[in-house]
Amino acid sequence: AVTHLSLNRVSVAWSLPSTPTSAPPPTIPAEVTKGVPSDTPEITEIPEIAIETPTGTPKPTEPDSLFPIYLPAGFVADPGSIESPRLNVHYLSGEIITEVPAPGMAKAGSPTSVHIAGRHADEKIPPIVYISTDNDGSLQYFDNGETITVAITPNISYLLGALGQSSMVYTTAEFRENALVSELFIGNLDTLYDAEPVLVRTDSAVWTFRPMAITMVSEQPIGIWYSLTPWGIGGDIVFEPRQGLFYLDLTSNQMEEHKDPSINPLAFSPDLTWLAYTNDQMEQPLTIMPDLDTERAITFPLAPESDRGAGNAVFSPDNQYVAWMEGSGMRLAVVPDFNILIRIASTSGEIITEFPANALAEAIGTQDVQWVEPVGWLDGENLLLQVRFDTWAQTEIVRVKYDGSDMSIIASGSFAAFTYP
């Protein structure tokens, strides 16, 4: 059995839990199966999946002891070599540790197409899983001179993994008989090859699954956070549109809607205690909130010139800071006048610094910066920015302190993922 979710027909009562897994799951109404093409099987429930559920209630970890868990050991970047695709593993300083071949890599390495499936212990590099064009669509990694296939699935849209662990989620999107069919899978290096989708959505419009995070307890996945995003759209888009925030509880096979469709979730903090979001108008300010508690939400008003809204937010590992991007002007105008503003604030609500793209260009000694976005934090003070130039394929990774000082290029290529010790 599969479940067909219709955005226009699902009406779920939702509540805000104190922790991501504490709220009771609602019942999904029967009317979600209406409007499904006649050749589609009837729906009764989300498919059961085998998940080893930890016994007892896990004891919450204090923030001070959580912090080291989410400190990266290094990062992975795609240098953009078309003739010989590879992924470079870097120390935090930017120095290259090793180059890992990535034959068949489908697109530029990014946080939605690469997952580091394990912890980076000493000099041993864990498997680096990526979306590949091999077998008409697959997930694979390179190990000891051999390409290992993790899953064979055409039309892979997104890949997302648990930090420093083997568990990962991937989604597919395919138009079938005037409807977009999306599937969501979860597993690890050993189980994904034969995995069945845990959630299927049939949409007469263009909305598909956008995985946001995996909730882990005792190294076992117990839930998947996801949103919806339109598939295959184009135009002068600055920030990826998203709609709604949902949680699939893998221990009960129940789906819960945690926010109404007007929310546009951007990112969770590494420990999943903070959420950054805007609304679906795409021209709205950034809001952050702890523990999904709207009473404690903090909104940062847009800069006066930021008429394209805010997005691409990332939290520091210690949850002290959040960095994001704001846009103004048009990218595809006859005379483009698009500009970017990078902003950094404390999670208590204070703007620490902000700087436009041209200020960064001056700091790194170039004049042709076309795109800048935050991609993650090396630690509690140093932010990484992805910078693109007039030649879009020319990319650099820039490090900057939380107060806007010490800007410097530390690596070439597209940021793909962090490694964790």
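Arg86 and Glu99 form a salt bridge in this predicted model, with their closest N and O atoms 3.4 Å apart. The bridge connects distant parts of the chain: Arg86 belongs to strand S2 (residues 86-91), Glu99 to strand S3 (residues 96-101), and 13 residues separate the two. Arg86 has a relative accessibility of 23% and therefore counts as partly exposed. Glu99 is also partly exposed, because its relative accessible area is 45%, and exposed would require over 50%.

Side chains of opposite charge can pair when their charged atoms come close. Over the whole structure, a search finds ten salt bridges. Another of them joins the side chains of Arg176 and Glu174, with an N to O distance of 3.2 Å. Here too the accessibility values fall in the intermediate class: Arg176 is partly exposed at 37%, and Glu174 is partly exposed at 31%.

The bridge between Asp203 and Arg201 has an N to O distance of 2.6 Å.

The next topic is the aromatic side chains. The structure holds 14 aromatic pairs. One of these is formed by Phe338 and Trp371, with 6.1 Å between the ring centres and 15 degrees between the planes. The pair counts as stacked because the angle is under 30 degrees. Like the bridge between Arg86 and Glu99, which links distant parts of the chain, this pair links distant parts of the chain. Phe338 lies in the loop between strand S21 (321-328) and strand S22 (339-346), whereas Trp371 is in strand S24 (residues 369-377), 33 residues apart. Both Phe338 and Trp371 are buried.

Phe415 and Phe418 form an aromatic pair with another geometry, edge-to-face. Phe415 and Phe418 are both buried. Which residues make up the aromatic cluster that includes this pair? Phe75, Phe415, Phe418 and Tyr420 form one aromatic cluster.

Note on methods: Residues numbered from 1 in each chain as written. Predicted model: local features only at pLDDT ≥ 70, side-chain atom pairs only at ≥ 80, totals over all residues. Heavy atoms only, no water. Salt bridge = Lys/Arg side-chain N within 4 Å of Asp/Glu carboxyl O. Helix = DSSP H or I, 4+ residues; strand = E, 2+ residues; numbered from the N terminus. Buried < 20%, exposed > 50% of the residue type's maximum accessible area, 1.4 Å probe, protein only. Phe/Tyr/Trp six-rings, centres within 6.5 Å; stacked < 30°, edge-to-face > 60°.
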